[in-house]
Amino acid sequence: MTEVLVGPPAGTKRLLLRELNGLDPRSGVEGRIDLRIARGRIVELGEGGSLAAQEGEEVVEGGGRLWVFPAFFDPHVHLRAPGEEHKEGLETGTQAAAAGGFWAVLAMANTTPPIDSVELLAALQERARQEAAVMVGFFATLSQGLGGTRLSELAMLREGGAVGFSDDGKPVANPALLRTALRYQRLCGGVIALHEEDPALAGGGAVREGPTATRLALPGIPAASESAALARDLELIGEEGGRVHILHLSTCRSVELLGGAKERGLAVSGEVTPHHLILDEQEVATLDTAFKVNPPLGNGKDRQALLEGLRSGVIDCIATDHAPHAPEDKEVPFEQAAMGTTGLETAFAALYTHLVEPGLLPLSRLVEALSGGATLYGLEPATIAKGAAAHLAIVDLEAAWVAGEQGWRSKATNCCFAGRRLQGRVVLTLCAGQPVHTLLGEVVQL
Amino acid sequence: MDHLLGIEPLGREEVEELLSLSESFEGLDLREVKKVPTLRGRTVLNLFMEPSTRTRSSFELAAKRLSADVLNFSASGSSLEKGESFKDTVLTLAAQRPDLIVVRAPWVGAAALVARWSGAHVVNAGDGGHEHPTQALLDLYVLKQRFGRLEGLSVWVVGDIAHSRVARSLVLALVKVGAAVTVCGPPTLVPPAVERLGATVTYTLEGVGEADAVYALRLQRERMAELPLPSLREYASRYQIDRGRLRPGQLLLHAGPVNRGVEVEGRLVDQPQAAVLDQVRAGVAVRMAVLYRLLAGQQARVAAGTAEGVA
């Protein structure tokens, strides 16, 4: 099988990171550490201050202030390539990822044209090898042309390196197609990732049905649009088996359904976005189209349930659903605006500011949920351990910044956290030992 | 034995007996006069409710070489097109007292219905996706001729298992005679619980090298839009039997008509290891044996008054 993640070559620099606060729930690292990096790997791991610089090594002094985490993994982004490069691209999208501390992202297939053949996939992978700042894995569409009627060539696509299959952006409306796909998965493998939405119930709505929608007279989307579709699909998975990942959970009932399915032993997993964890439908009161997302922001009860689901592990990981749009798609009346928010550059800081600092989520769980998505797709997650690939996020938790104030790495500006004062900033991202993002000596003066 | 409605109701001895009987009709087609008087005066009705070339001609030849009178009925051009029901059609034809009716119909259980309604002996020549017993018998016959045995033979049946009456009868027959059967196809074309028929199930051709014979099933291209498959090319990339996947010494069988370049590499069909034409040839001998067994192998059944609808 062709490799699933493609991107920049491993770093050739020799680095020594000294006196950092290490935290990796996966390897159990916790406390002051030194890391020596060569040939893209962590070659030595010692207590803080224990490693001496060798000749030819570049040294990063953490000074006891900087933290080092396993770099993050975003299993759900839209890079808009091919076809909508005016919104984003492989280069800018992955630079945004690097700036957010991500070493790898998985890109959705609802591009123009959609990625539904090995020829398209191979061309995109080749471009990613040239352009991407971090590693990228690509989904292929579940149905040909996202048409929802006929399976894509899943076996050939999987062999060609597709990480999984998804019609994300659209639900799989036809249950018979999903059932066929679940069966076919026994041949092709890969993960089926589902965007749960009942198109008839969603019915062209703009926001979650609720007080804000009513007050503003915006067409509402009921929570059951997601949970009814999810319930249906879980019944199919219960009967046919299959490995399925549920994208961007947004309702209280969805969390309960996912928890129930896991108790039954189904091979399902789920993700939640930073914006669904932090924001709710009241934000829409401003009619700022940055808050128009799909699924729509829920109510306070949903937010609580999502947070609890993330804490308990019912929800496996955090995904940004980074959805860049052109200004002309967002600078329109709310009803007409495109759905989606960018999220790669703000994910860690927003979650740290709104959940970790107030004591709602342990930092270790945040790190685990931001970096653990790789395992759901059968990929090796980043970890701080001797011999592991040096995918690392170095973060200054004391740095405060205003999101978007100094511009974005992303080509798009439609970030729902824009203008917020956030605590904690990624100052260095290593992807296989290669510094793919650095603010050292710029923002952080040590 | 009154009817041959399927492989399922047969015992192993009955299957083996029919195969031995078939051998005695082998070689008749090499003679100048290809005819024996065994069934002189008997009437065989070919009742074909859906198109067929090879099965119908094979039954017709088999009956004629046994000197039976043959009446061919096909649905097109019949009173069925005027709205006559299947039952009334069967009753009408049965009233003309054929001794044996060969039935091909697109409905599961059609042959059994004809047996119940007509009072004649009935041979199932394919009822929907259910059974096609004479095809399975001729396949076993060819395998036995090539390998000298059936017991312990490893046979892979590859392709659209779900829609194939050939596969169903073949798997049942092979299991009955002690062969090891593996069915292989895309998981969307392998029906649930097929292993209950006694076959091993696999979704890839990995391991096909251990087979003595590979049986490729026809992919119903004309129904491609309805089939739960991504594309012909993906199907062919995973399941096409080609010269790379078939090792020397392995026998290739196919019930025809072959989609060259889909389930089988085009030129492979013309290689000596492809038994396709042997199967066609064996078909006549095996069907002669079946007709003989039902009509002459025992006292002809007294039909009058025993069957519903025939007074």
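Predicted model: local features only at pLDDT ≥ 70, side-chain atom pairs only at ≥ 80, totals over all residues.
Let us begin with B:Leu277, which lies in helix H8 of chain B. Is B:Leu277 buried or exposed? B:Leu277 has 11 C-beta neighbours inside 10 Å, and therefore counts as exposed, the limit for that class being 12 or fewer. As for its place relative to another part of the chain, B:Val190 is 87 residues away along the sequence, and the two C-alpha atoms are separated by 27 Å.

The crossing of H2(B) and H8(B) is right-handed. Which residues meet in this pair? From H2(B) come B:Arg54, B:Ser58, B:Phe59, B:Leu61, B:Ala62, B:Ala63 and B:Arg65. On the side of H8(B), they meet B:Val280, B:Gly283, B:Val284, B:Arg287, B:Met288 and B:Leu291. Sorted by class, the contact of H2(B) with H8(B) comprises 8 nonpolar, 2 polar and 3 charged residues.

B:Ser67 counts as partly exposed, because it has 14 C-beta neighbours inside 10 Å.

The next element is helix H4 of chain B, residues 110–118. Which of its residues are buried? They are B:Ala110, B:Ala111, B:Val114, B:Ala115, B:Trp117 and B:Ser118. The cover over these buried residues of H4(B) includes strand E1 (43–48), helix H3 (86–94), strand E3 (100–105) and strand E4 (121–127) of chain B. Just after H4(B) comes B:Gly119, with a positive phi of about 80°.

A further position in chain B is B:Ala211, in the loop between strand E7 (200–202) and strand E8 (213–216). With 23 other C-beta atoms within 10 Å, B:Ala211 is buried, since 20 or more are required for that class. What does B:Ala211 touch, residues up to four places away in sequence not being counted? With those set aside, its contacts are B:Ser154, B:Val155, B:Trp156 and B:Gln250. The C-alpha atom of B:Ala211 is separated by 13 Å from that of B:Leu174, which is 37 residues away along the chain.

Let me now step back to chain B as a whole. Its secondary structure comes to 8 helices and 9 strands. The C-alpha atoms fill a box of roughly 60 × 45 × 35 Å along the principal axes. How does the radius of gyration of chain B stand against that of a compact globule? For 311 residues, such a globule would have a radius near 19 Å, and chain B has 19 Å, so the two agree. Of the 311 residues, 47% count as buried. Among the contacts in chain B with a separation of 6 or more, 73% are between residues 24 or more positions apart.

Chain B also touches chain A. The contact takes 11 residues from chain B and 12 residues from chain A. The side belonging to chain B has 5 nonpolar, 4 polar and 2 charged residues.

I conclude with some backbone features of chain A. A:Pro82 lies in the loop between strand E7 (72–77) and helix H1 (90–99) of chain A. Another runs from A:Asn294 to A:Pro295, with omega near -5°. A:Pro295 is found in the loop between helix H9 (274–278) and helix H10 (300–312) of chain A.

Finally, A:Ala432 has a positive phi of about 50° although it is not a glycine. A:Ala432 sits in the loop between strand E18 (421–431) and strand E19 (434–438) of chain A. There are 24 other C-beta atoms within 10 Å of A:Ala432, which means that this residue is buried.

Conventions. Residues numbered from 1 in each chain as written. Chains lettered and ligands numbered in written order. Contact = placed C-beta atoms within 7 Å. Nonpolar A, V, L, I, M, F, W, Y, C, P; charged D, E, K, R; others polar. Left-handed = near helix turned anticlockwise from the far one by under 90°. Helix = DSSP H or I, 4+ residues; strand = E, 2+ residues; numbered from the N terminus. Rg over C-alpha atoms; globule rule 2.2 N^0.38 Å.
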